[in-house]
Amino acid sequence: MSNSQITKNALARSLKKLMLTRPLPKITIGQITDDCGLTRHTFYNHFHDIYELLGWVYQTEIIEGLEQYRNYAGWQQGFRSVLHYTKKNKTICLNTFHSLGREHLEKFLYDVIYGVASEVVDELAKDHTTSSHARKEIADFYSLAILEQVIQWLKAGANTDPDVIVHKVSKIMGGCIERSLVQYQDL
């Protein structure tokens with residue numbers, strides 16, 4: 001592991017540790033660097049601000065493991081793993097959600113969901129003559145629907161079993177993307 005990676009991991013551990021006891025807007029770069037024994041200068045060599053560090057945490061802890069699930073056969077397992085990560089890191093994720101970082105978390109989640117949804121739509125569109133624009137609209141629509149399910153789950157405290165949420169979304173969406181592709185084909 002490179003020195004840069006070791007430093008980023010140290011900063012990430014400190015941020016996560018601090019987020020367990022205080023709201024994100026109350027955490028300073030000085031507190032993060034003091035906790036891990038680094039300097040502010042070192043922090044700024046790696047990250048622009050705390051939100052970029054937080055984004056890096058989510059990127060490395062969630063996104064990098066999702067590549068295998070970016071298809072029709074695996075999207076449910078990918079969704080399940082994101083929700084289980086959220087539940088396992090509930091305090092940190094809810095802290096982000098209930099802070100000024102909520103916008104960052106929502107954008108991050110949308111980007112993750114859209115990335116998977118667009119791959120699924122493209123995979124299912126192989127048997128259809130649906131335009132690229134239509135495929136993007138379909139992926140956007142379903143991404144926003146799934147994102148809202150996640151937001152409502154977070155608002156309720158992320159207490160429901162993630163498998164229940166995945167089952168609900170899967171049941172409701174069953175066949176909907178393919179029907180959407182057929183509908184857009186006729187336009």
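Helices (H or I, at least four residues) and strands (E, at least two) are DSSP runs, numbered from the N terminus. The model is predicted, with local features needing pLDDT of at least 70 and side-chain atom pairs pLDDT 80 or more, while totals for chains, interfaces and linings use all residues. Residues are numbered from 1 along each chain as its sequence is written, and side-chain values use heavy atoms, without hydrogens and water.

**Exercise 1.** Determine which helices each supply at least two residues of the lining of the largest pocket.

Solution. By class, the lining divides into 18 nonpolar residues, five polar and one charged, where Ala, Val, Leu, Ile, Met, Phe, Trp, Tyr, Cys and Pro count as nonpolar, Asp, Glu, Lys and Arg as charged, and the others, Gly among them, as polar.

**Exercise 2.** Describe how H7 and H10 pack.

Solution. First, the angle is about 60 degrees and the axes lie 10 Å apart, the axes being lines fitted to C-alpha atoms over the stretch in contact, and angles running from 0 to 180 degrees between N-to-C directions. H7 is therefore oblique to H10, since angles under 35 degrees count as roughly parallel, over 145 as roughly antiparallel, 65 to 115 as roughly perpendicular and the rest as oblique. Next, Val120, Val121 and Leu124 of H7 meet Ile177, Glu178 and Leu181 of H10 in the contact (heavy atoms within 4.5 Å). Finally, these contact residues divide into five nonpolar, no polar and one charged.
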